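Hi,

Here is the structure I promised to pass on. My notes follow below it.

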Amino acid sequence: MLHVRSIWNGAISFGLVSIPIKLVNATESHSISFRQIHTEDGGRIRYRKVCELEDREVTGQEIGKGYEDADGTIIPITDEDLSRLPIPTARTIEIVAFVPGDRIDPLQMDAAYYLAAGGAPAAKPYTLLREALKRSNKVAIAKFALRGRERLGMLRVVGDAIAMHGLLWPDEVRAPEGVAPDTGVTVRDKELDLADALMDTLGEVDLEDLHDEYREAVEEVIAAKAAGEAPPEAPAPERVGKVLDLMAALENSVRAARESRGEQPGDEAEVKRLPQRRTSRSAPKETGGKKSTSTAKKTAAKKTASSARKSTAKTGQGAKAGEDTKAGQDTKKSTAKKTPAKKTQAKKTSSRKRTA
């Protein structure tokens, strides 16, 4: 049994089955509260509730509810008036349907509560509803009234208890119009691959390991000032240059995430970068690597071709002088190929020899 004060007592209506329950808060706030003070002398600033007609401060027992009409008239509304509302959910959490949990949009989620069984007679039907929810893998949609208005709720099983999430009405959730970028953006596959790599590197996290660092820092400031010491100063934020290249930013993010997990640079998965378009802002070309090797090959090829041309020219001169060398013959053949007239003349000479 939870040792917390219930905020609402009633019953769950499950068909013809009624389950007495107590509604208790399932969450609590650990945020640090501040008081308003007068900055000149540190005096507390308090708000007093004053009756406008009598011009005097009144106590909580003297304060009730009232609805202000359009003409300014105040219409008193008592708790008894609200308890007599002609709706079945005034003191009942009425289950209206059972649906798969993924049918509920997280945007509709509101405050969370635990439903505690209201005494020994409620134990059997409470357990029945809990086990039925477990076996069906569904959640129950219910309507209930709390704090002056009717609300929607979603009942689900948490451990051995039944929890209820308050839900906003569908018309209370705004459509995401005008939120997404209104310009056309194309995302390349390489960019998606890097984003996936970053997601995989960051991995999963146990929510139990996360804590409120802001609250801890505020507590340190309060402790230091209470002891008459200077409060700790925040470290200077790292200067981060303006990111102009999304690919570079993703690559750096993946590298930083892996280093934070203690991985060595050699353990990184190979990420190939797409060729960048030449712009006035692009970095200077690298002198090493494949580009330099390719340049060297092209230079060597040019030198070889130049030497060959010079050798051919010399051989041609030797052939004209009557030197019977292989280089000369090669030169004549290449010259014959380039000169159609000589080729025809050679064919005629060969024909005459065969006739003779």
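I93 touches W8, A11, I12, S13, I21, L115, A142, K143, F144, L155 and M164, leaving aside residues up to four places away in sequence. Keep in mind that this is a predicted model.

I93 belongs to the largest nonpolar core, which has 20 residues. I12, I21, L115, L129, L155 and M164 join I93 as the residues with the most contacts inside this core. At least two core residues each come from β1, β2, β7, β8, α2, β9 and β11. The top contributor is β9, with four residues. Another core, of seven residues, lies apart from this one; V99, V139, L152 and M154 are among its members.

Now the barrel. Seven strands close it, in the order β1-β2-β8-β11-β10-β9-β7, with mixed pairing. Neighbouring strands of this sheet are turned by 40° against each other on average, direction ignored. β1 (residues 8-14) pairs with β7 (residues 92-100) in the parallel sense, over three bridges. There, S13 has E94 of β7 as its bridge partner.

Next, α2, residues 123-136. At 1.5 Å a residue, its 14 residues should span 20 Å, and the end C-alpha atoms are 20 Å apart, so the two agree. Which residues of α2 are buried? They are P125, Y126, L129, R130 and L133. These cover an arc of only 140° around the axis, so they sit on the same side of α2. K124 and R135, on the other side of α2, are exposed. N137 follows α2 and has a positive phi, near 55°.

Best wishes

Note on methods: Residues are numbered from 1 along each chain as its sequence is written. This is a predicted model: local features need pLDDT of at least 70, side-chain atom pairs count only at pLDDT 80 or more; totals for chains, interfaces and linings use all residues. Side-chain values use heavy atoms; hydrogens and water are left out. Two strands pair if DSSP finds at least two bridges between them. Axes are lines fitted to C-alpha atoms, for helices over the stretch in contact, and angles run from 0 to 180 degrees between N-to-C directions. A nonpolar core is a set of buried Ala, Val, Leu, Ile, Met, Phe, Trp, Tyr and Cys residues joined through side-chain atoms within 4.5 Å. Buried means under 20% relative accessible area, exposed over 50%, partly exposed in between (1.4 Å probe, protein chains only). Contact means heavy atoms within 4.5 Å. The expected span of a helix is 1.5 Å times one less than its number of residues. The arc is that of the directions from the helix axis to the C-beta atoms.
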